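Colleague: I am new to this structure. Could you take me through it?

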Amino acid sequence: MIMMLGFDSHCHLHFHHFDDDLDTVVEDSGKAGISHILIPSIDVETAEKSADIAEQYGIYSAAAFHPEHLPEDSTGEEEWLSIKRVLLRPNTVAVGETGLDYHHGTFEPEKQIRWFKRHIELAESIGYPLIVHSRGAESEVLKYLPSSLSVPVILHCWGGDELLTDMALARDFYIGVNGPLTYKKNSRLRGLISRIPRDRLLTETDSPFLPPEPFRGRRNEPAFTRFITMKIRELWGGDASIENTSYILWENAMRAYRLHPENRRADIVYQYRDSLYVNLTSRCQNDCNFCIRRAEDGLNGYCLRHREDPSESLVLSTVEAFPIEDFSEIVFCGFGEPTLRSDLLMKSAGAAGARGVKTRLNTNGLCTSFLSNHQVVKLLHCFDSVSISLNASGAGEYNRICPSTVEDPWEHLMKFIKLVKTTGIRARVSVVKSSGVDIHRAAALAERLQMPLRIR
Ligand code: SF4
């Protein structure tokens with residue numbers, strides 16, 4: 001087996017061509033050194049299938065309408081909501097492929113442009129990378145991509161000339177190349193490679209289409225990425241080994257899709273059962289002995305550890321963009337303590353509440369250490385219910401289970417619970433069995449506090 005890192009950044013494993021031997025195709029790609037694969041989609045059906053495959057094989061997918069597969073009805077509102085639902089799934093990490101196709105021209109340019117703009121706006125509002133298809137429309141896609149975008153843009157199967165390539169690179173876009181790079185007649189594409197900085201180039205197969213030499217005429221598959229990598233290595237002058245070349249290209253794709261530790265995107269929203277969770281921060285005053293953050297960066301396939309707090313505008317636009325009405329409840333509980341961002345917490349809970357969705361706050365109850373009683377009550381009134389981590393049966397046990405940077409955390413917790421009771425908001429307290437808490441004493445305390453107890 002070849003042990004190396006490689007990325008097929010664009011591979012349509014959702015097509016029927018792979019229905020009979022998908023296990024083998026994915027296994028063969030690993031044997032050929034392709035450790036990562038991203039499956040773009042073209043419509044709702046393929047987006048759902050791509051997400052299923054991505055979750056099954058631990059790879060990645062994207063969701064969008066391809067410009068040749070736009071919704072037929074005038075607004076496409078229902079199908080657009082379905083695309084957004086897929087974008088909430090854990091391994092679906094990009095919006096794509098969208099763009100413009102004037103070569104096939106299945107839909108008139110106005111309709112294509114309208115949908116392209118819609119995808120660009122969505123990618124920006126949720127912070128997902130954008131995969132762009134362009135055929136016979138390379139200058140047009142550059143025209144409609146805003147000059148400053150906050151998300152990476154991947155120009156897949158790029159067919160632009162030198163001038164357009166330079167324009168794309170000046171805007172820091174990533175450029176994906178595939179099988180045609182190896183075709184004898186395609187000296188034009190090979191000529192572009194020297195213009196593209198090594199940290200902007202991506203390998204892709206676009207499987208099952210465009211197989212590289214020597215596989216022309218056959219079904220393409222991610223294992224063949226190696227032949228594109230070999231051609232790039234040759235065009236780079238052969239100074240790097242094939243493993244190093246593959247590693248450089250892998251790192252590029254990891255950055256392009258915001259999977260690289262340097263720019264990893266953490267999920268602001270994630271779904272669990274029939275609730276949607278909002279993850280505002282990875283900061284917390286405590287270091288509880290049972291906290292998942294001690295061992296993991298996420299949960300159920302979602303990456304939840306923010307490298308830094310997401311901006312207020314990104315959180316609000318994310319909550320705004322997704323169909324939160326689908327869920328029985330929106331829970332503000334992430335990989336840290338949400339009340340540390342109390343202003344944003346109130347704004348985002350208020351926005352969810354205004355859409356008629358039930359809201360719940362999960363908190364460690366220590367916010368009285370930095371908010372006045374009045375501020376705490378105001379915050380609580382943004383929620384339909386609150387779940388408070390009691391975690392212990394007394395101060396000594398709390399300090400042992402939940403080492404905290406807050407002075408006298410137990411006193412603050414008790415003060416918070418009293419304030420909650422003054423609001424009449426539905427509330428409960430919880431303890432975690434595996435923490436070593438004295439369950440009987442905690443249950444007796446909860447009874448005295450007149451709070452339902454949840455043992456997790
Ligand atoms: S309060 Fe919650 S987020 Fe903070 S350390 Fe404890 S379990 Fe983790």
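Modeller: Ask away. This is a predicted model: local features need pLDDT of at least 70, side-chain atom pairs count only at pLDDT 80 or more, and totals for chains, interfaces and linings use all residues. Residues are numbered from 1 along each chain as its sequence is written, and side-chain values use heavy atoms, leaving out hydrogens and water.

Colleague: Where does the ligand sit?

Modeller: A molecule sits in a pocket if more than half of its atoms lie within 2 Å of the pocket's grid points. A pocket is an open set of points on a 1 Å grid over the protein atoms alone, where a 1.4 Å probe fits, with protein on both sides within 12 Å along at least five of seven lines. By that test, the ligand sits in the largest pocket.

Colleague: Which residues surround the ligand?

Modeller: A residue counts if one of its heavy atoms lies within 4 Å of the molecule. The ligand is surrounded by Cys284, Asn286, Asp287, Cys288, Phe290, Cys291, Arg293 and Asn364.

Colleague: How far apart do the C-alpha centres of domain 1 and domain 2 lie?

Modeller: The chain is divided into domain 1 (7-256) and domain 2 (269-455). These bounds come from an automatic or database domain assignment. The C-alpha centres of the two domains lie 39 Å apart.

Colleague: How many residues does each domain give to the contact?

Modeller: Contact means heavy atoms within 4.5 Å. Domain 1 gives 14 residues, and domain 2 gives 14 residues.

Colleague: Which residues does leucine 145 contact, leaving aside neighbours within four places in sequence?

Modeller: With those neighbours set aside, leucine 145 touches Phe116, Ile120, Leu130, Val132, Val153, Leu155, Arg171 and Phe173.

Note on methods:
1 Å grid on protein atoms, 1.4 Å probe; cavity = no way out; pocket = protein on both sides within 12 Å on 5 of 7 lines; lining within 4 Å.
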